[in-house]
Amino acid sequence: HNRKYRIKYAPIILGSQVFFPKLWENNLMTEGFAQRLRYLRKEMGIGQIALAKAVGVGKSIISQWELGRCEPTLSSFIRLAEFFGVSLDYLAGLVEY
């Protein structure tokens, strides 16, 4: 049986925040999200620290998301979409518009 996904379980603790690494490697949504987040942030001309403050997460979390090392919680994902004024599908990289 050929598995193309490998599961990772260990949470990462940064300061007072706990977040989980991406659960599935080779996940197209994770790759699309990381690229889309970086693109949207740069288009707005804001840094990672400013975005982190705007959506209420630690400053290093934005870097982790953009590198595809972990995924946001649903609430953070929604705050990001609202901040950028885009749909969840667009932010996830599932649609082109």
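Which residues are buried in helix H4 (residues 74-84)? In this helix, Ser76, Phe77, Leu80, Ala81 and Phe84 are buried, where buried means under 20% relative accessible area, exposed over 50%, and partly exposed in between, with a 1.4 Å probe and protein chains only. Seen down the axis of H4, these buried residues fall within an arc of 140°, so they line one face of the helix; the arc is that of the directions from the helix axis to the C-beta atoms. On the other side of H4, Leu74 and Glu82 are exposed. Gly85 follows H4 and has a positive phi, near 70°.

The model described here is predicted: local features need pLDDT of at least 70, side-chain atom pairs count only at pLDDT 80 or more, and totals for chains, interfaces and linings use all residues. Residues are numbered from 1 along each chain as its sequence is written, and side-chain values use heavy atoms, with hydrogens and water left out.

Helices (H or I, at least four residues) and strands (E, at least two) are DSSP runs, numbered from the N terminus. Of the 97 residues, 34% count as buried. The accessible surface comes to about 6400 Å², and 56% of this surface belongs to carbon and sulfur atoms; such areas come from the Shrake-Rupley method with a 1.4 Å probe, and for residues only the protein chains shown count as cover. Among the contacts with a separation of 6 or more, 53% are between residues 24 or more positions apart, a contact meaning heavy atoms within 4.5 Å.

The largest nonpolar core has 18 residues, of which Trp65 and Leu80 touch the most other members. A nonpolar core is a set of buried Ala, Val, Leu, Ile, Met, Phe, Trp, Tyr and Cys residues joined through side-chain atoms within 4.5 Å. Helices H1, H2 (48-55), H3, H4 and H5 each supply at least two residues of this core, and the largest share, 4 residues, comes from H4. Not counting residues up to four places away in sequence, Trp65 touches Phe33, Ala34, Leu37, Val57, Cys70, Glu71, Pro72, Ser76 and Leu80.

Gly56 follows H2, and its phi is positive, near 75°.

The structure holds 3 salt bridges, each being a side-chain nitrogen of Lys or Arg within 4 Å of a carboxyl oxygen of Asp or Glu. In one of them, Arg36 pairs with Glu96, the closest N and O atoms being 3.9 Å apart. Arg36 lies in helix H1 (residues 28-44) and Glu96 in the segment after helix H5 (88-92), so the pair ties together parts that are 60 residues apart in sequence. Arg36 counts as buried at 12% relative accessibility, whereas Glu96 is exposed, with a relative accessible area of 65%.

Glu66 takes part in two further pairings. With Arg38 it forms a salt bridge in which the closest N and O atoms are 4.0 Å apart. Glu66 lies in helix H3 (residues 59-66) and Arg38 in helix H1, so this pair ties together parts that are 28 residues apart in sequence. The side chains of Arg41 and Glu66 meet in a salt bridge as well, at 2.5 Å from N to O. Because Arg41 lies in H1 and Glu66 in H3, the pair ties together parts that are 25 residues apart in sequence. Within it, Glu66 is buried, with a relative accessible area of 4%, and Arg41 is buried at 9%, while Arg38 counts as partly exposed at 27% relative accessibility.

Finally, the surface brings the reader back to H4. Leu74, Ile78 and Leu88 make a nonpolar surface patch of about 250 Å². Patches are made of residues with over 30% relative accessible area and no salt bridge, with like charges joined within 9 Å and nonpolar side chains (Val, Leu, Ile, Met, Phe, Trp, Tyr) within 5 Å. Ile78 has its place in helix H4 and, at 32% relative accessibility, counts as partly exposed.
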